[in-house]
Amino acid sequence: MEVLVFLVPLALTLGALGLAGFLWSLKNGQYDDLEGAGWRAIADDEPPVTEEAVSSGVAERR
Amino acid sequence: MQATRDFSHYVRHLGSGVAHIDLAVEGVNCAGCMSKIERGLSALPDVTLARVNLTDRRVALEWKEGALDPGSFIDRLAELGYKAYPFEPVRAEAVETARASFLLRCLGVAAFAAMNIMMLSIPVWSGNVTDMIPEQRDFFHWLSALIALPAAAYSGQPFFRSAWAALRARRTNMDVPISIGIVLALAMSVMETIHHAEHAYFDAALMLLAFLLAGRYLDQSMRRKTRAVAGNLAALKGETATKFVGDDEISVVPIAAVHVGDIVLVRPGERASVDGVVIEGQSKIDQSLITGETMPAKAGPGTAVYAGTLNLSGALRVRVSAASEGTLLAEISRLLDNAVQARSRYVQLADRASRLYAPVVHAAALLTMLGWVAFGATWHDAIVTAISVLIITCPCALGLAIPAVQTVVSGALFRTGVLLNSGDAIERLADVDRVVFDKTGTLTLPELDVTNAVDVPQDVFELAGRLALASHHPVAAAVARASGAKTPLGGIEEVAGQGVRGTIDGREVRLGRPSFCGADQIANEILCRDPEASVVAFRHGETCHVFAVRQRLRPDAAGAIATLLKAGIEVEILSGDREPAVRHAAGQLGIHEWRAGVTPADKIARIEELKRQGARVLMVGDGMNDAPALAAAHVSMSPVSATHLSQATADLVFLGDRLAPVVGAIGFARKALLLMRQNLWLAAGYNALAVPLAIAGLATPLVAAAAMSGSSLLVILNALRAHRGAREFC
């Protein structure tokens, strides 16, 4: 039964990790648009991200 | 004077040169729309974020401040085929959203804790019949306590707070027995663990919390969704005011950006969007949305105008006395205050059930304890048995019985185009036995319509419609709308107070007063047949036609009234309009009871009289003059075209041109109430089976877990039947 010494903490850690993951996803706004998220998963391709943000960053540095 | 659009009120500056705006968008309902909009908007230079929220039908936009004007996003969306308008989340919606996400966090904590404790409980349950040594069992119990106590302290907050608030107000609600049950279960389990006992109920307490939180969260998220849609509808009305920013310079601004003391311009054909006093100009105004009276009234300097007033003839300058949701007719304000105070405090079914439930259960637990002591058991065993009675009766099914039905039925109502404003409206709507309708804007459509379109040749109608596009007069606007004309004629001249005229193919065309077009005789014939109609004449060369324009009944009004009458619900009209107009509408709909020329005070008096006779009244109205009656009635409904005040006062709001949602809502409510009662009986039946077991001391944690989840599933499955309404109202 010595196996309990690491099995139990392991189980609890995994549980805590799952909970932390859930709380993180909630805080991250992943539950804000449940309908849209379902559709995005099967959309052909994501709308192209404009390169504006990147190029302007370069421009400012120069 | 060229007006500019000014949306700066809605723009949030995020710092580092990035601006943010939220737009409500109409007609987004699939993945295709989503990527079309996101691509279309991202293609604009300087846009850094364009993200559609399909649940709330909104777009969040961020861009680098500078060249881009927020108005260009709306134009871009219009090109893509979507109507959009900026919106500002109202406080009520923000509160609902915060509450929903708090409940979800609690649910997450409770569910994870319940799962982990269950993982520890199952070895204990199976170990009790095999060969688990007591030290291992105690170890598992301590681990369970370690998870359960903090998790319950956190995720039980919604119940503990509500129970505490109720107790402090010397009331009781369903959360009181829930909180007592959970706290006692945890306390007893800790005590038992300290004394190396066989049974601990940590899993039952957490499972109970998880089930109840799931029910509450679903209820809350439905409510949040309703609020979001209501917010979008309000935004998409795109209510603006034409505000003077200089002596002669005007700017079109959203109402939210208009302040008391500002001066706004109300042009002919426009509705005033604010309350105020005329300071310059002469005109006729239509106050039907406010008073129900369809006859135009004169307005000049000093006349008070209210939001919703339609300006008919001349431009008016108005000094704002209150912006969109500020003051209103003093008379109505006073009546409304009284009505809201007098509104009998309706006791919800759940609270009535808990009032009965809590004393019975707590008495049963007490009797169990005394009984066991009387039969010679130790105090310790007697108390443990009594608490297990409390745990097993802890209103798991009872706590879900009503929220589950409410969630399903508000979803069903939402799909048929009815939005719930207040949570307990479903129960009140279910016992309605009399419906009181306002006429103008409720039984009739809010817009004017041409009634004799079939008598006019198609090509003439079209030409008249194109000519009518040049005029701002509401009667001409009705002709333009009915004809479906899109392209206005060029070179049209407006003759003040008479009509519009122009030439086409060398022949003169005129649209306006019958005398202006030389069509008095035809107009008189029409007015003889239908004295309530407004007429507008059209002359093309030598041929004359006259259009009869009036408020038309909602397309399915007669059918809806017939369904109500057939279901044994009495129907009555209370209108502020003149007698002939009301008599005509009542005759067409087959309604025998009607009152015309009713003031807001009379409306309340009539509702009170009906109440004294024992009737449960559903008031359906849209005008500001209906607001006090809406508040006084047992339950109330407004069309979405109603004034701000009426919509805020009504318990339910229905969308679209048809009356069917009103009838359907009663059907859904009756079915829902039936199912709520059934669910309460199911929960009572479960208790009748489980309580004797607990009293006999046979309720082990395993029995408690099985009984709780079984009964919860049963009431949830039964609640799902609420998605279809009562048959006689469909």
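Is helix H7(B) mostly covered or mostly uncovered, and how many of its 35 residues are buried? In this predicted model, H7(B) is mostly covered. Of its 35 residues, 30 are buried. The helix runs through residues 202–236 of chain B. From first C-alpha to last, H7(B) reaches 50 Å. That is close to the 51 Å expected at 1.5 Å a residue.

H7(B) packs along helix H25 of chain B, which covers residues 701–719. The two axes come within 9 Å and cross at roughly 10°. An angle under 35 degrees counts as roughly parallel, so H7(B) is roughly parallel to H25(B). On the H7(B) side, the meeting residues are Asp203(B), Ala204(B), Met207(B), Leu208(B) and Phe211(B). They meet Pro701(B), Ala704(B), Ala705(B), Met708(B), Ser709(B) and Ser712(B) in H25(B).

The largest nonpolar core holds 170 residues. Six of its residues touch the most other members: Ala110(B), Ala205(B), Leu206(B), Leu208(B), Ala210(B) and Ala672(B). The largest share of this core comes from helix H24 of chain B, residues 660–695, with 17 residues. Domain 2 and domain 3 of chain B both give residues to the core, so the core lies between them. Leu206(B) shows the packing in detail. Leaving aside neighbours within four places in sequence, Leu206(B) is in contact with Ala110(B), Ala113(B), Ala114(B) and Ile117(B), and also with Ala148(B), Ala151(B) and Ala152(B).

The domain assignment of chain B gives four entries. Domain 1 spans 1–86, and domain 2 spans 240–323. Domain 3 is made of two segments, 420–445 and 554–670. Domain 4 spans 447–552. The C-alpha centres of domain 1 and domain 4 of chain B lie 39 Å apart.

Chain A and chain B are in contact. The contact takes 23 residues from chain A and 24 residues from chain B. On the side of chain A that touches chain B, helix H1 (4–27), helix H2 (34–42) and helix H3 (52–61) of chain A each supply at least two residues. H1(A) gives the most, with nine residues.

Asp46(B) lies in the loop between helix H1 (31–42) and strand E4 (47–53) of chain B. With 17 C-beta neighbours inside 10 Å, Asp46(B) counts as partly exposed. His196(B) sits in the loop between helix H6 (175–194) and H7 of chain B. It has 11 other C-beta atoms within 10 Å. A residue with 12 or fewer is exposed, and His196(B) is therefore exposed.

A last point concerns Gln678(B), which is placed in helix H24 of chain B. How far apart are Gln678(B) and Ile402(B) in sequence and in space? In sequence, 276 residues separate them. In space, the two are 10.0 Å apart, C-alpha to C-alpha. Gln678(B) counts as partly exposed, with 16 C-beta neighbours inside 10 Å.

Conventions
Residues are numbered from 1 along each chain as its sequence is written. Chains are lettered from A and ligands numbered from 1 in the order in which they are written. This is a predicted model: local features need pLDDT of at least 70, side-chain atom pairs count only at pLDDT 80 or more; totals for chains, interfaces and linings use all residues. Helices (H or I, at least four residues) and strands (E, at least two) are DSSP runs, numbered from the N terminus. The expected span of a helix is 1.5 Å times one less than its number of residues. A residue is buried if 20 or more other C-beta atoms lie within 10 Å of its own, exposed if 12 or fewer, and partly exposed in between; C-beta atoms are placed from the backbone. A nonpolar core is a set of buried Ala, Val, Leu, Ile, Met, Phe, Trp, Tyr and Cys residues joined through C-beta atoms within 7 Å. Domain bounds come from an automatic or database domain assignment. Two residues are in contact if their C-beta atoms, placed from the backbone, lie within 7 Å. Axes are lines fitted to C-alpha atoms, for helices over the stretch in contact, and angles run from 0 to 180 degrees between N-to-C directions. Angles under 35 degrees count as roughly parallel, over 145 as roughly antiparallel, 65 to 115 as roughly perpendicular and the rest as oblique.
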